[in-house]
Amino acid sequence: MTRETWATRIGFILAAVGSAVGLGNIWRFPWVTAENGGSAFLLVYLLVILAVGVPGLVGEFVIGRRAKRNPVGALRDLSGSKGWAVVGGFSVVTALVLLSFYSVVGGWILRYFVESLLAVAGGPLPYATEPGAYFGAASTGVDAVAYHLVFLGLTAAIVLGGVRKGIELSTTVMMPAIFVLLVALAGWAATQPDATAGYAFYLSFDLATVEENFFSILGPAAGQALFTLSLGAGTMITYASYLGEDRSLPFDAGSIAVLNTLVGVLAGLVVFPLLFSLGVEPGSPGPGALFVSIAGAFARLPAGTLIAAVFFGVVALAALSSSISMLEIPVSFLVDEFGLDRRRAVAASLAVFALTGAANALDATVFQLFAVTLVDRFLTAGLAAFLLFVGWVLGRDAIEEFRAGAGDVASRLATPWLYAVGVVLPVFLVFTLLTGLGLEARVGFWPTVALAVGVGAVAFAGLRSSKSVV
């Protein structure tokens with residue numbers, strides 16, 4: 001079976017940006033930012049994007065392009081080890097966790113978008129009067145399952161079209177539309193009363209707050225960065241497996257990170273001025289923030305129903321652009337490893353996600369477990385494993401792949417990048433994981449650092465014994 005490839009470079013970049021942008025920037029980013037100090041969180045988040053996100057993207061690209069297989073097959077074939085295939089299998093599990101709750105949130109968005117459109121046509125805006133109570137009723141139950149299935153069906157229809165006619169074509173249309181609509185919404189939000197208070201909360205960096213709360217912010221910031229860049233789940237390995245050799249991986253990774261961050265910042269420039277202009281605290285904290293604070297705000301604005309329809313339309317497009325990348329992971333796995341055609345692979349994956357998503361839609365406790373507790377930890381652990389693989393298993397081969405298609409300037413960064421992804425970043429990710437589990441708060445900074453280094457040393461020693469990095 002001939003493996004599909006991207007038709008154009010811009011198609012790949014927009015598909016990868018679409019995977020990265022998604023709900024991470026528009027749904028998850030506002031409430032995580034609000035819960036972690038606003039501008040203080042933004043500063044730490046941007047640092048993580050630069051120091052961890054871009055090198056991590058290149059690492060996943062190196063694995064995917066070199067192997068031209070899904071994460072399971074890539075790690076197995078490049079290492080010659082079934083043990084690494086198990087590690088690759090963890091990415092399929094992570095994709096299961098991600099899309100199981102993501103499709104439920106996508107269903108919420110579809111519901112709000114449809115109801116906003118009906119309101120524009122002259123009907124009532126049902127979530128406007130009591131947004132909290134409405135969301136509480138709409139977020140779980142049979143209706144939530146139904147909308148989850150509709151959203152999942154839309155996702156499957158795009159993935160069924162394949163890499164070029166499905167994923168690439170759809171994201172080439174969706175991403176420019178998302179950007180244009182967000183710019184328009186940000187311009188409109190700037191005209192609202194007291195919008196400057198929103199900008200101050202969001203953009204006025206307070207270094208004292210960062211210093212006092214750095215370690216409590218670090219875990220959520222790292223989790224948000226990995227979530228929004230689609231790192232740690234094997235998404236970028238899968239997308240890079242459809243690449244040709246003439247692409248500069250460092251350039252593509254940098255472009256994706258910049259565009260993704262730009263969309264995230266634009267989303268904040270819409271959300272926070274809007275909330276502050278109406279005197280709404282920047283968080284109903286938690287997953288319902290978008291559907292309570294922001295949805296309720298639309299009812300109090302001139303032409304609010306029209307603005308609501310545009311806003312939820314943007315969010316729906318962003319949700320679809322990410323969900324298709326999550327579904328592509330198990331589909332690619334079934335196509336590569338079991339020889340299924342795309343139609344059967346999509347159908348099998350769809351059946352599984354229909355059930356796991358329904359469990360999330362019916363039980364808020366299950367949803368909280370998937371969307372908050374598991375996802376950050378799975379993504380952090382997954383990226384640490386991928387980077388260790390790049391540094392300690394691929395070694396010189398990773399440098400060769402890094403340089404293929406890159407220019408002279410980027411090629412000079414190959415060796416420093418390899419040691420960063422092989423040593424520094426895995427230790428940082430382990431430290432972040434331990435901090436997220438509350439260890440730093442219980443035992444202190446230096447004992448947590450020592451444990452992270454110790455875990456890293458054990459991993460390095462084990463990997464070094466099987467294959468030297470250089």
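At what angle do helix α2 and helix α18 pack, and how far apart are their axes? I looked this up in a predicted model, where local features need pLDDT of at least 70, side-chain atom pairs count only at pLDDT 80 or more, and totals for chains, interfaces and linings use all residues. Residues are numbered from 1 along each chain as its sequence is written, and side-chain values use heavy atoms, with hydrogens and water left out.

**Helix pair.** I found that α2 (residues 39-67) and α18 (residues 414-436) pack at about 120 degrees, with their axes 10 Å apart. Axes are lines fitted to C-alpha atoms, for helices over the stretch in contact, and angles run from 0 to 180 degrees between N-to-C directions. The pair is therefore oblique; that class is what remains after under 35 degrees (roughly parallel), over 145 (roughly antiparallel) and 65 to 115 (roughly perpendicular).

**Contact residues.** I listed contacts (heavy atoms within 4.5 Å). From α2, Val48, Ala51, Val52, Pro55, Val58, Gly59 and Val62 meet Trp417, Val421, Leu425, Phe428 and Leu429 of α18. Eleven of the residues in this contact are nonpolar, one is polar and none is charged. Here Gly counts as polar, while Ala, Val, Leu, Phe, Trp and Pro are among the nonpolar types.

**Whole protein.** I counted 20 helices and zero strands, which are DSSP runs of H or I (at least four residues) and E (at least two). The C-alpha atoms fill a box of roughly 65 × 55 × 40 Å along the principal axes. Of the 470 residues, 59% count as buried, meaning under 20% relative accessible area with a 1.4 Å probe, protein chains only.

Technical notes:
Buried < 20%, exposed > 50% of the residue type's maximum accessible area, 1.4 Å probe, protein only.
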